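Student: I would like to learn how to read aromatic contacts and a few neighbouring features in a structural model. Could you take me through them one at a time?

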Amino acid sequence: MKKLMFLVNPNAGKGGWRSSVGAVLEVFYSAGYLPEVYFTAGPGDATRLTRENAQRYELLVCMGGDGTLSEVASGLTGLPGAPELGYIPMGTANDVATCLHLSRDPVEAAETVATGKAMPMDIGCFNGGSCFTYVAAFGAFTDVSYQTPQQNKQALGHLAYVIEGVARLPKLAAAHAVVEYDGGVIEGDFIFGGVTNSTSLAGMIHLDEELVSLSDGEFELLLVRTPQNFVDLQAAFTEFLKKNYDGEQIKLLHTREVRFSFPQPVAWTRDGENGGEHSEVHLKNIHNAIRIRVSPDRC
């Protein structure tokens, strides 16, 4: 039988892995795989366990949220003989699962992994160190995912993000930034800046699939200028609703690299986790860094 590394984050989502892990393992066993199970105990474990063990397996499957997937992708990047990656989403937002059209049902997701095909996928490098699979961002609501208490996420699911976001409305602040990308330079005050490789962000922002390719070697750079008055605010909402990504308030660009410079340190998030505060951020696309299992019609 083929060897499968099955990595579980027991803290992801609402802890639903307990009721589904047996059926998931049965799917893999029936498909000719011999799973060996690993559990994470804290931040960084998924990356470490992947680095230490993944080369001994023909397939690595992680069960957890987008943060778990991000850690596993970091462990696989640059690893000689890295196996293909399967993802069983158990988190709250599950943006990557939305983008890849993966089922939220763990058994259905496992069946997709067992019978699917590997699709190459770009990931990002953050300041020459850690990786991100789908977003690195600053500004409005980007801290909601990692500052929402874990017990609220487990009890309320996506509603917990909405509640936490509303609570942060009075604290909305702009950041002045110089943004250098492949096509030029933009300077201004922004309430949001995101470098993404996904059609879904925080379960609330959705980009058209024709605008986003996960394996083209480029990021989508999304910038939202700070509204100066009610007219600007109305324009921003109108541009979003009409999906006008080249307006006065909202810009969507494509780039392989981008560098942000701020006069003061700004808080960042990476794949829904705390990315720290930085005055300089350099993000670089790592082309086709991983191979992730999806439904054959997605390849």
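This is a predicted model: local features need pLDDT of at least 70, side-chain atom pairs count only at pLDDT 80 or more; totals for chains, interfaces and linings use all residues.

Tutor: Residues are numbered from 1 along each chain as its sequence is written, and side-chain values use heavy atoms, with hydrogens and water left out.

Student: How many aromatic pairs does a search of the whole structure find?

Tutor: A pair of aromatic rings is described by the distance of the centres and the angle of the planes. Rings of Phe, Tyr and Trp (its six-membered ring) pair if their centres lie within 6.5 Å, and planes under 30 degrees apart count as stacked, over 60 as edge-to-face and the rest as tilted. The search of the whole structure finds ten such pairs. In one of them, the ring centres of Phe138 and Phe260 are 5.7 Å apart with the planes at 80°, so this pair is edge-to-face.

Student: Which strands hold Phe138 and Phe260?

Tutor: Strands (E, at least two residues) and helices (H or I, at least four) are DSSP runs, numbered from the N terminus. Phe138 belongs to strand S7 (residues 135–139) and Phe260 to strand S14 (residues 257–270), so the pair ties together parts 122 residues apart in sequence. Phe138 also pairs with Phe262, where the centres are 5.1 Å apart and the planes at 80°, so that pair is edge-to-face; it links strand S7 to strand S14 across 124 residues. One aromatic cluster is formed by Phe126, Phe138, Phe260, Phe262 and Trp268.

Student: Is Phe138 buried or exposed?

Tutor: Buried means under 20% relative accessible area, exposed over 50%, and partly exposed in between (1.4 Å probe, protein chains only). Phe138, at 1%, is buried, and Phe262, at 6%, is buried as well.

Student: Where does the charged end of Lys2 sit?

Tutor: A charge sits over a ring if NZ of Lys or CZ of Arg is within 6 Å of the ring centre and within 35 degrees of the ring normal. The charged end of Lys2 sits over the ring of Tyr33, 4.4 Å from its centre, and that of Lys3 over the ring of Tyr57, 5.1 Å from its centre.

Student: What is there to read in the backbone at His101?

Tutor: His101 has a positive phi, near 60°, in a residue other than glycine, and its place is the loop between helix H4 (95–100) and helix H5 (106–115). With a relative accessible area of 46%, His101 is partly exposed.
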